[in-house]
Amino acid sequence: MSDQPVSPPSSGPLVDRFGRVADDLRISVTDRCNFRCTYCMPAEGLTWLPKSEILSFEELTRLLRVFVGLGVKSLKVTGGEPLVRADLATLVRMFRTVGPDLDISLTTNGVLLDQQAAGLAAAGVNRATVSVDSLLRHRFEEMTRRDALDKVLAGLRAAEAAGLTPIKINCVVIGGINDGELGDFARWSRETGYEVRFIEYMPLDAQHEWERAKVVPGAQILETINAEFPLAPVGNGSEPAALYRFADGAPGAIGVINSVTEPFCDTCNRLRLTAEGFVRACLFALEETELRAPMRSGATDDELAGLIRAAVWGKWPGHRVNHPDFVQPTRSMSMIGG
Ligand code: SAM
Ligand code: SF4
């Protein structure tokens, strides 16, 4: 570290002190949600940010322009539930004008996709990742606190018809809850061609009820599926998901995001902007950098770029989930933008 410069470079890629380049941005467009997934939010009692604190379309677009100027190449629009932000397609159209070559994807619970998929595709979204934690109606309801599996499946069909492909599925695996469905998800992947990405349960729930004993390690997930449907690894560049195809050539793919048991911090290229304009260099970060106040009090684009460079420069080498000194961030996944 001694030969490292003490402050971030003022030009070139958005780099941190450990040489990682942040070029993959997640923007949370709202903290609100129409689901209450048990691993993310409490059933009730969460207060939403007042509208005045949420960045406007113009503010979000301006910041995206600054991020793109700093080398950001892909954008994930997320939340909360991004599709509950009124007129999301208009925002995406504005995003598209500042990033004509950006890879724009959406992470959604899918329940409003049947109404919005076509409009979002026309506005410039390239592809969708849809969260589906169970293929059984009762368990889906148990995990999301909404009886909405059929509507989400209809949303997935609409997303496919609108060309928001390749479609990825996010499934948070929780021991004793949905870990008996791994084979069913693999079968579904083979039937639909969807890439099913199993995510290890992370300590990012608003209630702070996460238990390590409920984390199902990605290696165990792969072993279970491989026993039924043999898998073959696929080279996957800097993607956090370790990706596998079916060895018999069936469509679909299986990914595991082992954020807890095998953190991918060394190659992490992610950066997050919360709905009220705070930059977070890590999901588990305890510090964040505010852009809203400086922006609202007249900061120039160059000044905002400087703040972003400093935020990335300050990124820690890796999260502390597996260390005795781990402190869960105050913000939950829905507040950060997963
Ligand atoms: N509402 C959208 C959705 O659910 O897809 C987007 C936002 S959500 C916070 C993004 C992703 O984070 C979802 O796939 C969700 O399953 C995942 N997530 C939320 N809380 C989590 C937790 N405690 N551990 C692991 N993944 C989590
Ligand atoms: Fe809402 Fe997504 Fe959190 Fe579920 S995971 S409560 S859908 S933000």
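User: What makes Trp210 buried or exposed?

Analyst: Trp210 has a relative accessible area of 16%, and buried means under 20%, exposed over 50% and partly exposed in between, with a 1.4 Å probe and protein chains only; Trp210 is therefore buried. This is a predicted model, in which local features need pLDDT of at least 70 and side-chain atom pairs count only at pLDDT 80 or more, while totals for chains, interfaces and linings use all residues. Residues are numbered from 1 along each chain as its sequence is written, chains are lettered from A and ligands numbered from 1 in the order in which they are written, and side-chain values use heavy atoms, with hydrogens and water left out.

User: How do you know what kind of pair the rings of Tyr201 and Trp210 form?

Analyst: Rings of Phe, Tyr and Trp (its six-membered ring) pair if their centres lie within 6.5 Å, and planes under 30 degrees apart count as stacked, over 60 as edge-to-face and the rest as tilted. The centres of Tyr201 and Trp210 are 6.5 Å apart and their planes stand at 65 degrees, so this pair is edge-to-face. Tyr201 is buried, with a relative accessible area of 6%.

User: How do you know that the charged end of Arg190 sits over the ring of Phe246?

Analyst: The rule asks that NZ of Lys or CZ of Arg be within 6 Å of the ring centre and within 35 degrees of the ring normal. The charged end of Arg190 is 4.9 Å from the centre of the Phe246 ring and is counted as sitting over it.

User: What span should helix α5 have, and what is found between its end C-alpha atoms?

Analyst: Helices (H or I, at least four residues) and strands (E, at least two) are DSSP runs, numbered from the N terminus, and the expected span of a helix is 1.5 Å times one less than its number of residues. The 13 residues of α5 (residues 149-161) should therefore span 18 Å, and its end C-alpha atoms are 19 Å apart, which agrees. Among the buried residues of α5 are Leu149, Val152 and Leu156. After α5 comes Gly163, whose phi is positive, near 85 degrees.
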